[in-house]
Amino acid sequence: MNRRKFLKATAALGGALAMPSLIKSAQAADSVKLGCLFSSSGTMANIEGRLSAVVKMAADELNAKGGVLGKKVDVLVTDPASDWPLYAQLGRQLLQQEKAAALFGCWTSVSRKSVLPVVEQSNGLLFYPLHFEGEENSKNVVYMNSPPASSVLPALEYLMSKDGGEAKRFYMLGSDYVWPRTINKICKGFWKSKGFAETAWKEEYVPFGFSNFQTIVNNIRKFAAEPGGQPIIVLTVVGSSIPDFFKEIINQGIKATDIPVLGLDVLEADLEGLDTAPMVGHLNCWAYLQNVEAPANAAFKTNWANYVTKNSLPYKKDTIIDPMVSAYDGVHMWALACEKAKSTEVDAVRAAFDGVSFDCPSGYKISMSGENNYVKRGVFIGSVNDQQAFDILWKSEDTPKPVPFSPYA
Amino acid sequence: MTAILESISREIQGKGGPARRGLAAERLAGMLVVAALAILVAGTQGLMSPYVVNLIGQVATFGMLAIALDLIWGYAGILSLGHGLYFAIGGYLIAMHLVKVAYLQTGTPPDFMLFMGWDSLPFYYAGLENFPYALALIVLISGGVAFLFGLISFRSRVSGVYFSIITQALVFVAMLLFFRNDTGFGGNNGMTGFTTLLGWPIAAPETIAALSAASVLAAAASLYVCARIVRSRLGHMLVAIREDESRLRFLGFETLWIKIAAWVISAVIAAIAGMLYVPQVGIINPRVLSPELSIEIAVWVAIGGRGTLVGAFAGAILISTLKVVLTASAPELWPFILSLLVIFVVVLLPNGLLDAPAALRGWLEWRRQRAAS
Amino acid sequence: MKRWVLAMLRLSVFMAAGAGWLAAPARADGDARASIVDRLCTRETEARIAAVDELLAGVARKEIAADWGAAIIGAAGDASLKCGEGGVRVIAKSGRFRDPLTLADVSESSAKLAAPFVNLRVRAAYEMAGGLLLLITAPASPLAAKAADDLQKHAGIANLDALQMAVEAQPSPDLAGRLQAIAAFRALRHPDLERRIAAIGKLADDPTERNRTALLDLQGDKTAAGDPKVAAALAASIASIDRWLQFSRLMATVYSGLSYASILFMAALGLAVIFGLMGVINLAQGELIMVGAYTTYLVQEAIRAAAPGILDLYLLIAIPIAFCVTALVGVLMEITVIRHLYRRPLMTLLATWAISLLLINLVRVFFGTQNLEFVTPAFLSGGERIVGDFIVTYNRLFAIVFALGILIAALIILRRTKLGLFIRAVTENRDMAGCVGVSARRVDVLSFGIGSGLAGLAGLALSPIYTVNPNMGTNFIVDAFMIVVLGGVGSLIGTLIASVNIGMINVIIEPAYGAVAAKVIVLLLIIIFIQFRPEGLFAPKGRR
C-alpha cells in the first residue's frame, strides 16, 4: 500500500465510523455480494492475503462483462487475522448480516472447519481454494482443489519409480494439525498396500511457526544414512516453517539427489526469499504451477501483473500460486452456475453446478459433476528450478475424478 | 506533561474511591439483568436477528473476562498475562461436554479421533456428557489450577512484572500442549461440530437467545459479586496490598490467603466466561491460550479503566465490538486504530476512557489555575 | 552451480595452457562429443546416464578433454544446454550463446529451443560427473572439498576410472584419502580378499553413518564377510566408526545447543539491558529485532543498486546501520511513550505491546507480508563437515561469533566507558546516582537506545537463519523474557549463562521427545526455578 492509498483508506475509515450502520451501506441496489475470508495479518498473511486481491480481480472481470445476471458483483474483504474463531465470526457476519451470495476463503483446514458450521447453519456457500486432506463432503462447501488421492499419491508413485530414485524409506515431517496428520495417515496406508514395513517410515510433527530445524535435520541425515534404501522427506509443514526448513537443509548440504523433499504445501511464494539453486530438484504437487504453458495461463499472468501494478499491491507481479488460481476459478465457476441457474440463491446455484466447466489457467478444462461439490482438476508434479519456481515434471492425462474419501485413510 | 498527569490522577483520586465504583457496578448489574430479559424476549420472538443476539452474548463473556481480570489487577495490583488459561479451561471442558454429547447422539466420532486413529475418546472424557458434572469440573479445575499456581507463586513472593511474565509463560506452555494432537483436545483444530446443548439444538434461535441472555446474566452476576467483594473487608485488603504489601505484612496481616482468594475467584469467573463463550462461537482451539489474547484482556481493562469494574466491562465491550465491526469493514486500519488507542489511553488517560470526562475537567482546572497564577 | 561453471571456465584456461596432455586428444574427440551432446539432449533417462558414463570413461582414457566435459555437464545440469529441432544445440547462459561442441561463441539461434527436463536420477549422474570433473580439472580449487563431499553421496554411481584419475590428480593427501574412501565404498564386495579388507579399513577413516551402514550391511552378508580376516577387519572398523560417531554426535549436540543459545542470547540481550535498567517490560523487543532485519534488507538493496560488486559484504556494512536505525526507533519509543510511564511498569507493558502491533502493521503496509529475500553471502552458505556427520554450518557459526562479539562490545560499554558507569550507577540506585549529578533521564534514553540497537543487531544476525517477515518478532518474545528472568535482571553474564543452559537443555531433550515437549519442559523448569529464586540466577546487587 502506498501513501496515497493509505490516506484514502484512512478517509474511508473515517466515513465508515461516522456511519451509523455497521457496514458501508452505499451500495447499488442491483448488486450481488461476495465475501472474502483471507487473513491479511498474522501467521498466514504471507501467502493468504493475496487471495482477496485475486477474488477482487475476478469480480472486476465479471463486472467488465456486465456483471452476473446483470448485477454488479461487489467483493467484501475481511481480515480474520489468522485467528480461527474469527473466521467463523466474520463468516457469520458476511452471510447473515451482509447476505453475501457466496464466500471465498480459508487456507488452513482448521479455518475451514471453523467456518463449516456457520455455512451449514445459514446454508451459505464457501469456495475453498486449497488442496487439503479430503475426508469431508459438505453440501455448503465447494472444494476447488484436489483431495490427496489425486495429487499426493501420483507424486509418491513417481518418487518410488525408477526415474524418481526408487524411494524406499520415508521421513514425514509436518506441522501438528489435521492436514499433515491425515495426509501422513493416507501415505502410510498407501505404503502398507505396497508392502512396506512399518520400519520404513518415521513421523515427526512440529508446532505452527516452528523455525529451529537444526536438530531435526540432523536426525533426518541420520535416518537417511541408515540401511534400507533411498530415503525421501514428505514435508507437510506449513507457513513460515517451509523456508526455514529449506534454509537448514541447504546449509547442512542436503540436495534433492541425496534426499528429495516432497513438499506438499510448498508454493512458488514460499521460495520467494530463498536462493533456490541449491534446492533444485525438490518436488511438490498441485493442480496448477506457474510455469504451465497454456493460453489461459498467459492471460491470467498478464492480468495479475496489471492488477498488481494498477492497485500498487505489495505482491510480486510474477509470482502466482495454485490457491490464487483456484480462488479465481471459484469466482468464475460461481458466476457460470448463477447464469445457468438464473439466480444467485444458494440452492439454485448448487443445483446448477452439475456440468459447469471453465478454462482454468492450468490449461485444463475444469468441471463439476452433480455427484459431490469437488471440482475436477488436472494435477501436476513440479520440480524446483533455480528461478524460484517449479518445472513441470509430470502432468495428469486429463482431470482425474476427485475421490473425497481416501481408501487408505 | 507530567504535571498534567499528576493533576489528573489527583482529580480522579479525589472523587470517590472503590466504594463509589462498587455502587456504580451494582447499578450496571441491575441494568444488565433487565437487558438479559429483553434479549431473551427479542431473540425468541424474532425481534432481533440471531446474529446480533449471538454477538451480544459473545461480547458479554468478554466483559466477564475483563471483570475477572480487573478484580485482581485493578484492585490487588496483580497483573495476569495468562487469564486466557482459565477462560480456556472453561471453554475446553464445555467443548468436551458438547463433543461427547454429539458423539453419543450421532455416533460420528470427532475429527481428531479419526485422524489420530483412535477408537474411543481418552479417559478424561468419562462422564462429561453429564452437564452438572462438567459444570462442577469447570469450577473445580479452574479454581484448583488457580489455587495451586497462586499458592506457589504468592508464597515465594513472586510479584510485579515477574508474576506477569510467569503467567504468560504458563499460558504459553498450555498453548503448546493443547496444540499437540496427541493430548486429546483436538490439537490446532480444537473442537467443533457441536449439536445440542442440554437437549436444545445449538443453532436454534431460542438456544442462541437463551445462551446470550445467560451470558449477560452471568456478566451481571459477576459484576455484582465483584462489586460486593471490593466493598467488603476483602476488597479493602486487596487495595491495601496493591498500595503497599510489605507494610501490610509488617502490620501483621497475612496477605497470602487474601491474594489467593481473589485470584481463585477471578479464575473461576474467567472459566465460566469461557464456558459461555464456546457454545456461542461454535469452536474452541488453542488460540484462546495464545499470549496475545491474554494481553488483549489486559488491554480491555486498561482502556476501560482499571480498578472500576464498570470501566473494565465497558472496555471489553467497546474493543471487542470495534474489533468485530472493523475487521470486517476496515481490516487494514483496525490494527492501527487499536494500537494508537492503547497508546493514547495508556499515556494520557492512566485510568482509562471511563475517566476521560474527569481527566478533561482536571486538565481544564489545571489550565485555569495556571492562567490565574 | 553457477559459481561452479564460472570457476571451471576460468580454470580451464589454466588447464589448457598447463596440461598439454588434456588438450592434445581434444582434437580427436569431435565425434564422441557430438554423440554425447546428442544423447544429453534426449528425454531418455537411461540414454543420458549412459552418455555421462561414456564421457567420464572417455576422460579417464584421456580421449575426451576433461574441461569440455566439465563445461557440458555443468550446462546440462543447470539447464543452459538447450536443444531444438533438427539437431540445433546451444549453450545459452546469461545472454551468451556458445556451441556445445567447441564452446566457441555463436550467434543467437532462431530455432525453438528447450532444455530437456533433468529428473532426479539424471541430476544425480550430473552431480557425480560434475564433482569428478572438477576434481580432475582443478584438483587444488577451493571447491574441491565440496565436490568430494558431493561425490561421497553419489559413491554408488561414481565412475571408478574417473575416480581413480581424480585420486591421482589430488595434491592434498587429506582429500585424496577421502576420495580413496569413496573408491573403497565400491570395493567392499571386491572378489580380491586383500582389497576388500583394505576397503573396510579405508572406510573407517571417514566415520560417517553412511559408511557404518555399508559395513553393517556387509557384516550381514555371510558370503562376503564369511572370511575370519574380513570379519575381524569389519568388527574393528565398525567399532572405530562407532567411537567417532559418538564423538561427532556429541559435537553436533553441543554445536546445536550453542547455536540455539546464541539466538536466544541475542534476542534477550537488549531486553536485559532495558529491563534491568528501567524495569520496563518491552514487549516490542521482537519487533525491534524485525526492524533490524528489515534495515539489513534495505542496506542489501541499496548496495545491490549502488555497488553490486561488494554485495557479499552487506551484512558487515549493515552492522552499524542496523544498530543506529533500531536504536533510533527505540529512542523515539522512549521519548514519545515510555518516558511517561516509568512509575507504572505494568502500563509500559501494554504500551509496548501496542507499539509492537503498530510496528508490525507499519512494516506490513510498507513492505508487504511476503518473506524478504536475502542474498546469502558466499561465506555464509553451506557448511564444513568436521568429523563423522558433524557439520558446522556457516550461518550458525556466524550467529555464535556475532553473539560473542555483541557480548564483548556490551561488556566494554558497560564496564569501561563513562556511559556504562552511569548506566550501572542508575541501575543500582537511581536516586543516589541523581544526587551525584548523573542525569537519569539522559541515561534512560541512551540505554533504551542501546538496548534497542542490540535487538536490531540480533535481527541482522538472524536474517541468514530465519525467515524475515513482519511477524518474525512474535516468535522471540516469550523465550527472551524467560532468559532475562532466569538470568537475573540486568546481569549480562546471567543472560549469557541462562541462554547457554536453556539452549543446551533444549537440544538434549529435543531428539528424544520432540521440539514441543522440549520447549514445554524447559519453560516449566524455568517457572519452577523462578519460584525458588524469584530474582533469577544472578540477583542484582542494587536496591530496588
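Mentor: Start with chain C, where 53% of the 544 residues count as buried, that is, with 20 or more other C-beta atoms, placed from the backbone, within 10 Å of their own. This is a predicted model, in which local features need pLDDT of at least 70 and side-chain atom pairs pLDDT 80 or more, while totals for chains, interfaces and linings use all residues. Residues are numbered from 1 along each chain as written, and chains are lettered from A in the order written.

Trainee: How many helices and strands are there in chain C?

Mentor: Chain C has 23 helices and six strands, taken as DSSP runs (helices H or I, at least four residues; strands E, at least two) numbered from the N terminus.

Trainee: How many residues does each chain bring to the contact of chain C with chain A?

Mentor: Interface size is often given as the accessible area lost when the parts come together. Here residues are counted: 52 from chain C and 50 from chain A, with C-beta atoms within 7 Å for a contact. Among the elements giving two or more residues on the chain C side are helix H13 (228-278) and strand E6 (390-393).

Trainee: How is a helix pair described?

Mentor: Two packed helices are described by the angle and the distance between their axes. In chain B, the axes of helix H6 (residues 131-155) and helix H10 (residues 255-281) come within 8 Å and cross at roughly 145°; axes are lines fitted to C-alpha atoms over the stretch in contact, with angles from 0 to 180 degrees between N-to-C directions.

Key
Buried ≥ 20, exposed ≤ 12 C-beta atoms within 10 Å, placed from the backbone. Contact = placed C-beta atoms within 7 Å.
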